[in-house]
Amino acid sequence: MASHLDLEEQEQLEQLKAFWKRWGNLITWALTAVLAAFAAWQGWNWYQRDQAAQAAAMYEEFDRALTAQDLDKAAGAAGDLKARFGSTAYATQAGLQVAKLQLDKDKVEDAKQSLAWVAEHGADGGPYRDVARLRLAGLQLDAKAFDEAAKTLDAIKASDFAGLVADRRGDLLLLQDKRDAAKAEYLKALAALDKTQDYRRVVEAKLSTLGVPTAVDATGARQ
């Protein structure tokens, strides 16, 4: 009986050896790959958390400079964020905020550069790029850089900004003395803007200067 069991165990052992000889390397490589992938995933998560923590700390430094209205320090901190953590929302928000401070300090060209960076490199997944484009287009209009402003507005694709883009286009056309085309864009803006938005009054005022009654709907009919 014992001899029979020994033979069965020996046979099973030989089968196991044969199986391992055939598949052992493949199984080992597969397990190694799985473990390496898991380690890489863990490492990436740690890296992301570490990067986010560093970016947050640097943004706090930027925010302190912004609150103090210290343009040099704010611009320096924003530049560091762009250089080291350019893909984060922190860098994007700093770019938008430092552009406003630069405008407040009459550094228009610097503000354009800050907004252009956000428009081109700002973090995805939010409205930041289109906000930057709208503001940049306004500065380009102020500088009478009409072709540049038109290209900047063309890059805005989000439907949420349709009303504001139409309003900016109206401004562009009006500056080019294309009054009828400007009127059409302002009416388009009025149709796209929610009726609860205060900015509608601004668009209505622009239409009023073009001889269109302020209480109009998108078709031009009196309400």
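What percentage of the residues of the chain count as buried? Of its 223 residues, 33% do, where buried means under 20% relative accessible area with a 1.4 Å probe, protein chains only. Keep in mind that this is a predicted model: local features need pLDDT of at least 70, side-chain atom pairs count only at pLDDT 80 or more, and totals for chains, interfaces and linings use all residues. Residues are numbered from 1 along each chain as its sequence is written, and side-chain values use heavy atoms, with hydrogens and water left out.

**Overall build**
- You're looking at nine helices and zero strands, counting DSSP runs numbered from the N terminus (helices are H or I, at least four residues; strands are E, at least two).
- Read from the N terminus, the order is α-α-α-α-α-α-α-α-α.
- Take the contacts (heavy atoms within 4.5 Å) with a separation of 6 or more: 48% of them come from residues 24 or more positions apart.

**Helices α2 and α3**
- Helix α2 (residues 71-85) and helix α3 (residues 89-104) have axes that come within 9 Å and cross at roughly 155°; axes are lines fitted to C-alpha atoms over the stretch in contact, with angles from 0 to 180 degrees between N-to-C directions.
- That crossing makes α2 roughly antiparallel to α3 (over 145 degrees).
- On the α2 side, the contact uses L71, A74, A75, A78, L81, K82 and F85, while α3 brings Y90, A91, A94, G95, V98, L101 and Q102.
- Sorted by class, that's eleven nonpolar, two polar and one charged residues, where Ala, Val, Leu, Ile, Met, Phe, Trp, Tyr, Cys and Pro count as nonpolar, Asp, Glu, Lys and Arg as charged, and the others, Gly among them, as polar.

**Helices α5 and α7**
- The axes of α5 (residues 128-142) and α7 (residues 162-175) come within 11 Å, crossing at roughly 10°.
- So α5 and α7 are roughly parallel to each other (under 35 degrees).
- L134, A137, G138 and L141 of α5 meet L164, V165, R168, D171, L172 and L175 of α7.

**A lysine to look at: K206**
- K206 sits in helix α9 (residues 199-209).
- With a relative accessible area of 17%, K206 is buried.
- Leaving out residues up to four places away in sequence, K206 touches D167, D171, Y186 and Y199.
- One of these, D171, also takes part in the contact of α7 with α5.

Note on methods. Buried < 20%, exposed > 50% of the residue type's maximum accessible area, 1.4 Å probe, protein only. Parallel < 35°, antiparallel > 145°, perpendicular 65-115°, else oblique.
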